[in-house]
Amino acid sequence: MRIAVEGCMHGELDNVYATLLHLQEVEKLKIDLLICCGDFQAVRNEMDLESLNVPHKYRSMNSFWKYYSGEKVAPFPTIFIGGNHEASNYLWELYYGGWTAPNIYFLGFAGVVKFGNIRIGGLSGIYKERDYYSGHYERVPYNERDIRSIYHVREYDVQKLMQVEGPIDIFLSHDWPIGITDHGDLRKLLREKPFFEQEIKEGTLGSKPAAELLDKLKPAYWLSAHLHCKFAALVQHGEDGPITKFLALDKCLPGRRFLQIVEINSDSGPFELQYDEEWLAITKKYNSILPLSRKPANYSHIAVDIQECHQFVRDKLQLRGPKPFEFARTVPSYDSSRSAANVSFSGHVRNPQTLQFLDLLGLEYLLDNTSGPSERTGSPALFISGGSGPYDNEDIPIDDVDDEEELKEEDDG
């Protein structure tokens, strides 16, 4: 199986797909799957732009809406995770994963699927210690704080992934596992990104939960993005343990190293995307304690046996098959002839895919539950302009800033 790996998409679907189609023609090969490691930006219309945390100069429709509307169809099956520059209101509709457009699948805030006989897992978002133990308290329309915290990794989603026992072939995270720089060419990395050195010395460059998952899951491949550079590493798990091949890639720009083809041994095609039985069983077991306020999940309230969940899922999949539910549009797509002023905010939308997924597992829909206080402060993000605030110093900037002082000033952009 040939898998194209892409770093940060930043909404440039047209350019990435065109590059891969050209590569296929020139190299006389067939690409079976495209994987994107975050900052995908599945922006459907003007309102989705309001949940996208980027400076206003980068708020652009780009090209995803063409695939959502049906004007274009993705030429390759595409799987992606979320990063820190996403249409977060849309991804929350598909918290458990689902088709964001025909042939373009979001892995969820955390998830595992099968593509052919290759098992692919992933964790969306970036790690920030201050929000890690919080629940998913954010609700649309997002205010100045929530538009950032919505994509911060939560311990609940990590703990679900920590329950995975079966082998993982490929795992995706947006930010790098902390300590991964110890396993690659650090000198070369620092020549390209010298301002990483202090964080590496302090042990703060990267994600602690990702490092824990790397140690637990030991996947054959770990793929990341976020830091806008290419970096490869080999992680040996124990003296005689398996090896994880780590690869981080850049964002889609001319002359940048944002794409790489990976060949993985697999069954012969054609390949289809399928639900993963173990992951569905874990989801069924843990869904009742999905934390939707600032309080962390209460794991002592879990009373469901995992083996019972496995049997339940196995029976269900035998009846209906393992294919994900079909894509469904939930809001109007962008229309260049329509005035943006006529687009009104509609609040949370219950996506039919999510409803069908939960019905399959016999689970309650909780994503619009407002029983837990959000403790919101400030104005909705609809009225902000990417200015200053308490959360300005956190994330890698969307543009190419290699000066450390500029990086600090624009760190949430």
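How many disulfides does the count come to? The count is zero, a disulfide being a pair of cysteine sulfur atoms within 2.5 Å. The views below show a predicted model, in which local features need pLDDT of at least 70 and side-chain atom pairs count only at pLDDT 80 or more, while totals for chains, interfaces and linings use all residues. Residues are numbered from 1 along each chain as its sequence is written, and side-chain values use heavy atoms, with hydrogens and water left out.

View 1. Cys 229 has a relative accessible area of 0% and is buried (buried means under 20% relative accessible area, exposed over 50%, partly exposed in between; 1.4 Å probe, protein chains only). Cys 309 is also buried, at 1%.

View 2. Thr 181 counts as buried, with 6% relative accessibility. Beyond its neighbours within four places in sequence, Thr 181 is in contact (heavy atoms within 4.5 Å) with Trp 176, Leu 186, Leu 189, Ile 200, Leu 205 and Phe 231.

**View 3. The largest nonpolar core.** A nonpolar core is a set of buried Ala, Val, Leu, Ile, Met, Phe, Trp, Tyr and Cys residues joined through side-chain atoms within 4.5 Å. The largest one has 126 residues, and those with the most contacts inside it are Phe 40, Phe 64, Ile 104, Ile 120, Ile 170, Trp 176 and Phe 196. Helix H10 (residues 277-286) gives the most to this core, with five residues. Leaving out residues up to four places away in sequence, Ile 170 touches Ile 3, Ile 35, Ile 118, Arg 119, Ile 120, Gly 121, Tyr 221, Leu 223 and Ile 264.

**View 4. Helix H10 and its cover.** H10 is largely enclosed by the rest of the structure, because nine of its 10 residues are buried. Among the buried residues are Glu 278, Trp 279, Lys 284 and Lys 285. Their cover includes strands S6 (110-115), S7 (118-123) and S13 (273-275). Helices H6 (155-162), H11 (306-320) and H12 (352-361) also belong to the cover of the buried residues of H10.

Key. Helices (H or I, at least four residues) and strands (E, at least two) are DSSP runs, numbered from the N terminus.
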